Structures are given as C-alpha cells and as structure tokens.
Amino acid sequence: MAEGFAVIDEQVELTRIGDFSMNGLCSAILEQHQSTIRTRKPHVAVAKLAKIVDTILKLSNKQGFHATSLREISIVSGVSMGGLYSYFDSKDTLLMMILGQVSTSVTAVLESAPASVAGDPAAHLRWLIKAHVTLTETMLPWFVFSFMEAKSFPPVGRKMAVKSEEWTERVFSDVLSRGVDAGVFAIDRPEFTASLIKPMLQDWYVKRSKWRRRSISAPEYSEMVCAFIEAAIGVKPGSRAEETPRPQA
C-alpha cells in the first residue's frame, strides 16, 4: 500500500454500492426490461435468467457467442425454448441485455466514490483503479464476454461498447485534470494519460491467466497499477490523504 493513503476494503465498497452477484445482476436486468420480459414470478424469473446468462457466458467463452444457438442454450441451461423467448426475442437482444448490465455496473461503481475520497484527486484516482479491478474480478465472465465478443457486436452493441469505454476514460481524465489544477499531478495531457490507464485495467480480465500463473491477486494487481501510475504522473507526497486503519473482522 502506498504510504499515506486511506485503507479501503474494496469488496466492502462494492457491497455498499450494489449487488454484483449473478442473481443481483439478473435481477437488475429484469427490472430494467420488465416491459418486454413476460414473467409473473420475479424470484423464479431471476433464477431462470441467471441460468440462461451463466450458460451463454460459459458457452461463449468456449466457442464464441455467434457459434452458440438458442437450442444449445436451452439444452445446457435446462430452460425450454418457450422459456427463453419469454425473456428475449433473439440472441442479439440477450447480448444487449448483458452489455447493458456491464455498462450500467461500471457507471454505478465509478460514480460512487465516498465524498471523503472524491475531494482528494490522488485518493480518488486510487479509489477508481481499485474499484474498477474489484468490479471486473467480481464480474469476470461478464467483462471477458464483452471484450472477446466486441468485434462481432451488432452496430448498436459496438456503439454502446465504445460509448462506455469513452465514458470510463472521461471519469479518469476528469480526476486527473482536477489533480493537475490542484498541483497534485505533474502531467500535460490528462486525457492521454487516462487513455493509457484503461488498457492497464483491461489487462486484469483479458489476460487473467497470465496473472494467475504469476500468483497475483486482484488487490495486489490494483496496488501495483496504482503505484505505477502514481510514479508516472508524479503524485506528490503532501497530496495524500491521512491513512485510516482497516476495520478488524
């Protein structure tokens, strides 16, 4: 941990923001698409949708989304074809549901920094990095799916993915700009620096096996990324927030 920064339990932070479990995410999808999903029992609907999404994420990881048929999803998930069509009218609709939830989750998390953190650009930047890595670790199959299938997205899906990536870069760019204005960061082009941070965050889930072979955990990875970026942008020691002890279990 970098000296002088507040200790934050990233998993506790994620729980504070929302439920990012499979059931929690599928419940959010149902709520967002309740006008088109034909179900009468929410608790049953969430469980079935969780089976469907889990199945498509696993099959896509093995053979690709477009090589996976609805019939195959039905057989593996145990949900009838009629049951599938009560949730979506096509595979592309299911794809957009998944992409939409990934985008919504990123927005919800990155917009939820505590006021005590958001007021300090250096602490805020560190919080964003750690929160992003923790979220992608928690939703690993969702992010891998979104990245690996990006080239075959329909036009509306590609537009959504690009918009989400640009928004994430803008969040980091805004914090970096505030740090420059406050004399905390020594960089000339915050937007360029933000565009370099994004690939480092993606590397955690895109090349997950590499970090597993090196026995690097999510907290360790985010800490190393923080240290690297802080050194690169010239974070000044006096800008760091006071350290607070981590609550004991």
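**Reading helix packing and the core**

Colleague: Which residues of helix 10 and helix 11 meet?

Modeller: From helix 10 you have Glu165, Thr168, Glu169, Phe172, Ser173, Leu176, Ser177 and Val180, and they meet Pro190, Glu191, Thr193, Ala194, Ser195, Ile197, Lys198, Leu201 and Gln202 of helix 11. Contact means heavy atoms within 4.5 Å, and helices are DSSP runs (H or I, at least four residues; strands are E, at least two) numbered from the N terminus. That contact has seven nonpolar, six polar and four charged residues, where Ala, Val, Leu, Ile, Met, Phe, Trp, Tyr, Cys and Pro are nonpolar, Asp, Glu, Lys and Arg charged, and the others, Gly among them, polar.

Modeller: Mind that this is a predicted model, so local features need pLDDT of at least 70 and side-chain atom pairs count only at pLDDT 80 or more, while totals for chains, interfaces and linings use all residues. Residues are numbered from 1 along each chain as its sequence is written, and side-chain values use heavy atoms, leaving out hydrogens and water.

Colleague: What describes a pair of packed helices?

Modeller: The angle between the axes and the distance between them. Helix 10 (residues 155–181) and helix 11 (residues 190–206) pack at about 125°, axes 8 Å apart. Axes are lines fitted to C-alpha atoms, for helices over the stretch in contact, with angles from 0 to 180 degrees between N-to-C directions. The pair is therefore oblique; under 35 degrees is roughly parallel, over 145 roughly antiparallel, 65 to 115 roughly perpendicular, and the rest oblique.

Colleague: How do helix 11 and helix 13 cross?

Modeller: At roughly 160°, with the axes of helix 11 and helix 13 (residues 218–233) coming within 11 Å. That makes them roughly antiparallel. Thr193, Ile197, Met200, Asp203 and Trp204 of helix 11 make the contact with Ala218, Tyr221, Val225, Phe228, Ile229 and Ile233 of helix 13. By class, that's nine nonpolar, one polar and one charged.

Colleague: Which residues have the most contacts inside the largest nonpolar core?

Modeller: Leu125, Trp142, Phe172 and Phe185, in a core of 72 residues. Such a core joins buried Ala, Val, Leu, Ile, Met, Phe, Trp, Tyr and Cys through side-chain atoms within 4.5 Å. Leu125 touches Phe172, Val175, Leu176, Phe185, Ile197, Ile229 and Ile233, not counting residues up to four places away in sequence.

Colleague: Is His124 buried or exposed?

Modeller: His124 is buried, at 10% relative accessible area; the cut-offs are under 20% for buried, over 50% for exposed and partly exposed in between (1.4 Å probe, protein chains only). His124 lies in helix 8 (residues 121–138).
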